[in-house]
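Here are some short notes to read beside the model. Keep the structure open and find each residue as it comes up.

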Amino acid sequence: MSFSKFFAHSIKRDLQIAAIQKHEFLLPVLFFILVIVLFPITVGPDGKLLARLASAVGWIALILSMLIALPRMFAEDYENGWLEQLFLSGTPHSLIVTSRIISFWLLYCLPLVICSFLLVPFMSMEINLWSVLVQTLLLGSILTACLGAVASALLVSSRKGGGVMALLLIPLLIPALIFAGAAMDAAQQSLPYTAPITILAALAVFSLTIAPLATAQALKLNMG
């Protein structure tokens, strides 16, 4: 099987599994929606305050929702032996990991970014500011998925790795949060925001280049 066919087959398999296990796929999305819906109830009807907090709420909801899904990125295939069979098949390990990261992003991250539109009605967010936020969330979700893949691989043999994963992942996302906040501040003041967006894109590309190699090594260590 060629690398391109393996890549397509791996992503197709992950999508088929997600179609069967709908409850696991929907849980992060439902959590994301609940955060966005409940936050205005607790803060109150102050539209200006809600609009000022909207981007922060979107990012926090995204990170927390992804923390629900990340521990399962490799856990099931590790437990049933499928992951070990893939590593012994001769397929480049980085290709195996890259296909899993992309399928994870399509299944979990992209729906969350789409659901961020709820910030417009519930958080009184202007549509032009939401379009900037979507750009930061798309790039930030790629970065989070890549860094989360490394953390998930390190903790794949641990049954209580959820809390540790949060401690590993959240500090690494601080630079992305800073640049995302800078982009939103610039957009709110009608200033150019391409510089922080470009830096976020560079971080996403760098993580997508390095993370598969680091994740493959972490998985190999756990499989002995």
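**Notes on the model**

1. Start with Pro-212. This residue is buried, with a relative accessible area of 3%. The cut-off explains the label: buried means under 20% relative accessible area. Keep in mind that this is a predicted model.

2. Where does Pro-212 sit? It is found in helix 11. Now look for Val-150. Pro-212 and Val-150 are 62 residues apart in sequence. In space, their C-alpha atoms are 7.8 Å apart.

3. Stay with helix 11, which covers residues 194-223. Its partner here is helix 10, residues 174-188. The two axes come within 8 Å and cross at roughly 155°. That angle makes helix 10 roughly antiparallel to helix 11, because angles over 145 degrees count as roughly antiparallel. The crossing of helix 10 and helix 11 is left-handed.

4. Next, turn to helix 2 and helix 3. Helix 3 spans residues 47-69. The axes of helix 2 and helix 3 come within 9 Å, and they cross at roughly 150°. Helix 2 and helix 3 are therefore roughly antiparallel to each other. Their crossing is right-handed.

5. Finally, find Leu-38. It lies in helix 2, residues 22-43. Is Leu-38 buried, exposed or partly exposed? Its relative accessibility is 46%, so Leu-38 counts as partly exposed. The label partly exposed applies between under 20% for buried and over 50% for exposed.

6. Leu-38 also belongs to a nonpolar patch on the surface, together with Leu-34 and Ile-41. The accessible area of Leu-34, Leu-38 and Ile-41 together is about 310 Å².

Terms used: Residues numbered from 1 in each chain as written. Predicted model: local features only at pLDDT ≥ 70, side-chain atom pairs only at ≥ 80, totals over all residues. Heavy atoms only, no water. Patch = residues over 30% accessible without salt bridge, like charges linked within 9 Å, V, L, I, M, F, W, Y side chains within 5 Å. Areas by Shrake-Rupley, 256 points an atom, 1.4 Å probe, with all protein chains shown as cover. Salt bridge = Lys/Arg side-chain N within 4 Å of Asp/Glu carboxyl O. Helix = DSSP H or I, 4+ residues; strand = E, 2+ residues; numbered from the N terminus. Buried < 20%, exposed > 50% of the residue type's maximum accessible area, 1.4 Å probe, protein only. Axes fitted to C-alpha atoms, helices over the stretch in contact; angles between N-to-C directions. Parallel < 35°, antiparallel > 145°, perpendicular 65-115°, else oblique. Left-handed = near helix turned anticlockwise from the far one by under 90°.
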